[in-house]
Amino acid sequence: MTDVVDSDELLRRIQRARACAENEERAWRTRRETLRQTDPDGARDAEVRSVAYESVLRVLDEIVTPGKHGTEEA
């Protein structure tokens, strides 16, 4: 990847990635709720995936808006 992009384009790409991660996190949380009663293993998998996307959101938020989440401990 040798394309050179300016900071505005980089910010747009990060924001698109954040929006995508937010949609995925929401979808996996919804799926978890749907599967909770009928498929506990599927619900657990959906929970893991939603937490992974939540982590991605936190990282992208920190890039775009440093300090947004404060100094929370995991």
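**Salt bridges in close-up**

**View 1. Arg13 and its partner Glu9.** Arg13 is partly exposed, with a relative accessible area of 32%. (Partly exposed lies between buried, under 20% relative accessible area, and exposed, over 50%, with a 1.4 Å probe and protein chains only.) The model is predicted: local features need pLDDT of at least 70, side-chain atom pairs count only at pLDDT 80 or more, and totals for chains, interfaces and linings use all residues. Residues are numbered from 1 along each chain as its sequence is written, and side-chain values use heavy atoms, with hydrogens and water left out. Arg13 pairs with Glu9 in a salt bridge; their closest N and O atoms are 3.0 Å apart. (A salt bridge puts a side-chain nitrogen of Lys or Arg within 4 Å of a carboxyl oxygen of Asp or Glu.) Glu9 and Arg13 sit four residues apart in helix α1 (residues 7-35), so about one helical turn separates them. (Helices are DSSP runs of H or I, at least four residues, numbered from the N terminus.)

**View 2. Glu9 with Arg16.** Glu9 also meets the side chain of Arg16 in a salt bridge. The N to O distance is 3.8 Å.

**View 3. Arg29 and Glu25 in helix α1.** A salt bridge joins Arg29 to Glu25, with 2.6 Å between the closest N and O atoms. The two are four residues apart in the helix, so they are separated by about one helical turn. Glu25 is buried at 15% relative accessible area. Arg29 is partly exposed at 23%.

**View 4. A salt-bridge network.** Glu25 and Arg29 belong to a network of salt bridges that also links Arg32, Glu33, Arg36, Glu47 and Glu54. The structure holds 13 salt bridges.
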